[in-house]
Amino acid sequence: MALAKAALRGLGLGSGPRALLRLLSLLLAVQGDRGTEEYLKREYSLTKPYQGLGASSSGSHWELLGNAMVTTQFVRLTPDLQSRQGAIWNRIPCALRDWELQVHFKIHGQGKKNLNGDGLGIWYTRDRMQAGPVFGSADQFSGLGVFVDTYPNEEKQHESKKRRYSPTTQRIFPYLSAMVGNGSISYDHTRDGRPNEIGGCSAHVRNLNHDTFIVIRYLRRRLTV
């Protein structure tokens, strides 16, 4: 799927149900023709201070959904409570050919070890502001989803059935993955998105003292995370 062929409506970040506290900031830069220059696009940028964010009366380019809240210092997608969802979406359709998305965030919570909550989704999709089961957003989306998965659903099912992964197939969570949807493909929660992911790796992101930094780049029809 060539993401740059048509204007995609939604640029956003969302969190799925369960207990996670999230702090984040976001900016979008455009690559030059030679891939060596970057231009900050303020209409797609989310930086401090955050006052007025989400209020249409203030001219904000961002909109809040669910349990998301804003202070001057951070945007919190969900509180550290079970069964909470929150998201923040950009209002302006994006028709950039080449782009780079930089995301800074923190994930905190009182869960056991390094695993709790469902995770965080970063979205570049046709539709926006649709709450759902895929890290706080709708399933069967059209576009790109990059997921920070903090709970090993498939592994827990194997444990309940007293099965074990082989060393070549077992994942270490939290796990970062990407998926491209065409509007009809469902995200498989029971297998942590494994059937439809286009790539992934382990990422220790929870309860750290510093921000986690993710760069998503689409340049010359090539996607890198």
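**Notebook: loops, rings and peptide bonds**

I started with R221, which lies in the loop between strand 13 (212–219) and strand 14 (222–224). Strands (E, at least two residues) and helices (H or I, at least four) are DSSP runs numbered from the N terminus. The model is predicted, so I note that local features need pLDDT of at least 70, side-chain atom pairs count only at pLDDT 80 or more, and totals for chains, interfaces and linings use all residues. Residues are numbered from 1 along each chain as its sequence is written, and side-chain values use heavy atoms, leaving out hydrogens and water.

**Entry 1**

Phi of R221 is near 65°, a positive value in a residue that is not glycine. R221 is exposed, at 59% relative accessible area. My scale: buried is under 20%, exposed is over 50%, and partly exposed is in between (1.4 Å probe, protein chains only).

Q140 also has a positive phi, about 55°, and is not a glycine. I found Q140 in the loop between strand 9 and strand 10. Q140 is partly exposed, with a relative accessible area of 40%.

Next I checked peptide bonds. K48 and P49 are joined by a cis bond, with omega about -10°. P49 sits in the loop between strand 3 (38–40) and strand 4 (62–66). F173 and P174 are joined by a cis bond too, with omega about 0°. P174 belongs to the loop between helix 1 (153–160) and strand 11 (175–182). Most residues other than glycine have a negative phi, and most peptide bonds are trans.

**Entry 1: rings**

How many aromatic pairs does a search of the whole structure find? I got nine. Rings of Phe, Tyr and Trp (its six-membered ring) pair if their centres lie within 6.5 Å; planes under 30 degrees apart are stacked, over 60 edge-to-face, the rest tilted.

W99 and Y124 have ring centres 4.6 Å apart and planes at 40°, so I logged the pair as tilted. This pair links distant parts of the chain: W99 is in strand 8 (residues 99–108) and Y124 in strand 9, 25 residues apart. W99 is buried at 2%. Y124 is buried at 4%.

The rings of F173 and Y175 are tilted as well, with centres 6.0 Å apart and planes at 40°. F173 is buried at 10%, and Y175 at 9%. The charged end of R171 sits over the ring of Y175, 4.2 Å from its centre. (For that, NZ of Lys or CZ of Arg must be within 6 Å of the ring centre and within 35 degrees of the ring normal.)

I also noted one aromatic cluster, formed by W123, F135, F141, F147 and Y187.

G86 is in strand 7 (residues 86–90). G86 is buried at 4%. Beyond its neighbours within four places in sequence, G86 contacts (heavy atoms within 4.5 Å) several residues, including L13, G14, L65 and T78. The C-alpha atoms of G86 and R76 are 8.2 Å apart, ten residues away along the chain.

R128 is in the loop between strand 9 (119–125) and strand 10 (142–149). Is R128 buried or exposed? It counts as buried, at 15% relative accessibility. The side chain of R128 reaches the backbone oxygen of N90 at 2.9 Å.

**Entry 2: the whole chain**

Of its 225 residues, 47% are buried.

Methods: A polar contact is a pair of N or O atoms within 3.5 Å; within protein, one must be able to donate a hydrogen and the other to accept it, and residues adjacent in sequence count only if both atoms are side-chain atoms.
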